[in-house]
Protein chains: 2
Amino acid sequence: MSEVPQPPHRRRAHTSTRDLARYAGLFAERTTVMRSSAMRDLMAITARAEVISLAGGLPDTSTFPAQSFAAQMTRIAQESVAEALQYGPTEGFEETKDCILEVMAAEGMLPDPEDVIVTTGGQQAIDLVCKTLVDRGDVVICEAPTYPGAVPVFCSYQADVIQIECDDDGMRVEQLEILLGELCREGRRPKFVYTVPTFQNPAGVTMSLERRQRLVELARAHEMLVVEDNPYGLLRYGGEPLPSLYQLDGGDFVIYLGTFSKILSPGIRLGWAVAPPPVMEKIIIGKQAVDLCTSTLTQYFVREYFAEGRWRRYVEDLVEIYRSRRDVMLAALEEHFPAEATWTEPQGGLFIWATLPEYIDTGDLLAKALRTDVAFVPGQAAYIDERGRNSMRLNFSGVDEDEIREGIRRIGRVIAEQVDLYGALTGDRPQAPAGGAEDTGGIGSRPNPATSMSDSPETDSVVLPFRRTGEGAA
Amino acid sequence: MSEVPQPPHRRRAHTSTRDLARYAGLFAERTTVMRSSAMRDLMAITARAEVISLAGGLPDTSTFPAQSFAAQMTRIAQESVAEALQYGPTEGFEETKDCILEVMAAEGMLPDPEDVIVTTGGQQAIDLVCKTLVDRGDVVICEAPTYPGAVPVFCSYQADVIQIECDDDGMRVEQLEILLGELCREGRRPKFVYTVPTFQNPAGVTMSLERRQRLVELARAHEMLVVEDNPYGLLRYGGEPLPSLYQLDGGDFVIYLGTFSKILSPGIRLGWAVAPPPVMEKIIIGKQAVDLCTSTLTQYFVREYFAEGRWRRYVEDLVEIYRSRRDVMLAALEEHFPAEATWTEPQGGLFIWATLPEYIDTGDLLAKALRTDVAFVPGQAAYIDERGRNSMRLNFSGVDEDEIREGIRRIGRVIAEQVDLYGALTGDRPQAPAGGAEDTGGIGSRPNPATSMSDSPETDSVVLPFRRTGEGAA
């Protein structure tokens, strides 16, 4: 890459047990509960060109016009190189906020620019919210399943994470209400509820209007914050838009998180948070410490890109591409997955959530799938506990239609082998669960009752439909 | 900026006491000790064009050739737009690591690329080290004064920060040794010593070879990590290079932090950390949670820039410019600062540390200086406690020579007013301290004994020359 001759690098010998012991006493306690992101670990494996990865949450950046990129960078070169290479304000440039407000306006929101901070991707926004709000042992509530990238953040702050089941209408807010009552009796105030209400990652489901309304009512009643993460709202392939939680609440108890990752580029690492002033003040102080400011260069790039006035057309193009890929994946699942499997039919976003017979562990399945050069995210990555073992997250935005068909075909073949093996071991081919064709409130169009909760009232008093982490509990 | 019509934004009314109370119970305990960075707060004020800011740690990005920027971005446009806009690996691209290894080789270091992680600026590297190592109440040792941007990080992890005095040869390692003995007797093991050994921020001093050797010996003997932050090593205007702590130690107990901010651009937010494998493993998990990965686009920019093979010539150009600015600032200080003032004469880096008579509070002085459109960083920002009140950090890299002369002239005038006022109030013009012309080991060529420690052995047993934070102590 460079013509300057380089000295040979010192290659380390394999780390010895002695080495590990040497540093062990120095690690912070949080490192014992910090976990690696399954998606991130998979990235290294799936970087090989021959692997069809349905694992990442990667948008398709291949359609971004090279001339447009070149034109924006040329304008920066001509007008503002020195500024684009310099430090910027911690909260981000006003011009970046203008772009953010344009995106939010497209979804019907009108925040005060003073309430907005530009972050190093949406991920940093989640981290800064936790830094501002979460002490060790504090209760954080999220969906079950939840965004796999949020789990490591909550763990790193040693939160007591409680997950509320989802069904096809998103988080089961009536169960949240039961939980809040219980916590209240215990004298514990949850710090926030984290939710991806629209085209959820990983389940692909969308929270109904009734539940949205009830959720913001609960937030207000309990003086509890709701963190609404909305990376996919503009990627809608069917149905009608619903108001965001931020809109319904007016921004008093809802912290809103957005990102340019899915409507433009994740490689620029630009996201944002919108929070009420007392919370924003703490978030800004937190950001000063973690990275001083967000990249000026990538903010200038976004500014120039939005100045072209074509960003919505680009998103519309993505919507066309992704809608078609979603349909291809749904058809491939119908063709290649066994009758016992269920999956969601998302109206937008990037993901389908598939649930297999209970005796299949998708972690083991992934190892086998990788041998046939295909990858997905095992469901357990979306849970803080042991749930999700027979589910998987499938991404349909990052690869083309042929690859989707071939990827699902390969996964289907590996599943079929597992099903046959189970049949050979038990002497019986497992049946589809009774009532499998009827919607009992689980996630997926052909719900698997084993992973969905009954709506019958007696369950409330017997066993609560959410589980808690043991780690980090106060 | 954009032609799309925008809706009017909701402007928030002033935040009420009620609002503050509403959220107060939700904030994490760390927010009570998190402090805003003085430099960052000043950035907003000094953004006004008429202000001469000697406050920031800004490199001069105005000499970066626009054609070079345009050429690199055009190559990305032609060859790799889709990749440059996509997510990347958490630890950074191999090609970025190649550039990092080239920079480190220029200072005589040869790390294993596996031990390197690309971070979102050098600031994130400090944060990730703390996330990996620091529990609430843990001892972190740093210099007095220390990098003002590190103080908020240590505070955000609720560390018990202990500062070791510097003199013209950097951190007084013999005092560190006394402290380590004391901590050992208390049964406390410090997590790490944070140091900027070369052209220190803010003092401009450089740690002597003997102290460097002793520091790495101490680290090994106490199985304690040393975090060597080296943003300025290549910006040398005089004297001979010294080996880095990383070189002396071999990388077993020294975590090395570097950045492209001062040799290329801070706006690209690219830094790095080099750590032994067991520590690096935790740092990578930490980075996954905080921002998934460093900007792909800015990494591609650096790759293309280094491929040109001219990065060292650019640094040499910067060295010429900065050397001259340093000399101009030193001459201006001689001309405009009072006889009682002392300051350092750095052989490199970006900063001069000036100390005024004790009765001058540089925080108050800054308020007055800003009214004459000039800014600096008050010394207290470099201390965890109340010290540094009569010192200031002056940056000579970010503004041109005329501005340096004018800026120092204005600060000198404000100081003179303070000196006169003091004289009028006390009826006496204060004298230069006795022995002020003789070097007694403080920082600065005309040391002020009030801020430097005596070397006499009895001080060791009476009062230790380092102070601790009350906050966060276990």
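Modeller: Over all chains, the structure holds 37 aromatic pairs. Rings of Phe, Tyr and Trp (its six-membered ring) pair if their centres lie within 6.5 Å; planes under 30 degrees apart count as stacked, over 60 as edge-to-face and the rest as tilted.

Colleague: Before the details, what kind of model is this?

Modeller: This is a predicted model, where local features need pLDDT of at least 70, side-chain atom pairs count only at pLDDT 80 or more, and totals for chains, interfaces and linings use all residues. Residues are numbered from 1 along each chain as its sequence is written, chains are lettered from A and ligands numbered from 1 in the order in which they are written, and side-chain values use heavy atoms, with hydrogens and water left out.

Colleague: Ok, how are the rings of Tyr359(B) and Tyr422(B) arranged?

Modeller: Their centres are 3.5 Å apart and their planes are at 15°, so Tyr359(B) and Tyr422(B) are stacked.

Colleague: And where do Tyr359(B) and Tyr422(B) lie?

Modeller: Tyr359(B) lies in the loop between strand E11 (351-355) and helix H14 (362-371) of chain B, and Tyr422(B) is in helix H15 (residues 401-426) of chain B, so the pair ties together parts that are 63 residues apart in sequence. Helices (H or I, at least four residues) and strands (E, at least two) are DSSP runs, numbered from the N terminus.

Colleague: Which residues do ring pairs link into a cluster?

Modeller: That one is in chain A: Phe64(A), Phe69(A), Phe260(A), Trp272(A), Phe301(A), Tyr305(A), Phe306(A), Trp311(A) and Tyr314(A).

Colleague: New topic. How many residues does the contact take from chain B and chain A?

Modeller: It takes 118 residues from chain B and 118 residues from chain A, with contact meaning heavy atoms within 4.5 Å. The area buried between them is about 10300 Å², and carbon and sulfur atoms give 59% of that. Buried area is the accessible area (1.4 Å probe) that two parts lose on being put together, summed over both.

Colleague: How many salt bridges are there between chain B and chain A?

Modeller: Two salt bridges. Asp127(A) and Lys131(B) form one through their side chains (3.9 Å, N to O). The term needs a side-chain nitrogen of Lys or Arg within 4 Å of a carboxyl oxygen of Asp or Glu.

Colleague: Which helix gives the most to the side of chain B that touches chain A?

Modeller: Helix H11 (residues 277-291) of chain B, with 10 residues.

Colleague: What about cis peptide bonds, which residues do they join?

Modeller: One joins Ala144(B) and Pro145(B), with omega about 0°. Pro145(B) sits in the loop between strand E3 (139-144) and helix H7 (150-156) of chain B. Another joins Asn201(B) and Pro202(B), with omega about 15°.

Colleague: And what is phi of Phe199(A)?

Modeller: Near 55°, a positive value in a residue other than glycine. Phe199(A) is in the loop between strand E6 (192-195) and helix H9 (209-222) of chain A, and counts as buried at 0% relative accessibility. Arg269(A) has a positive phi as well, about 50°, although it is not a glycine. Arg269(A) is buried, with a relative accessible area of 2%.

Technical notes. Buried means under 20% relative accessible area, exposed over 50%, partly exposed in between (1.4 Å probe, protein chains only).
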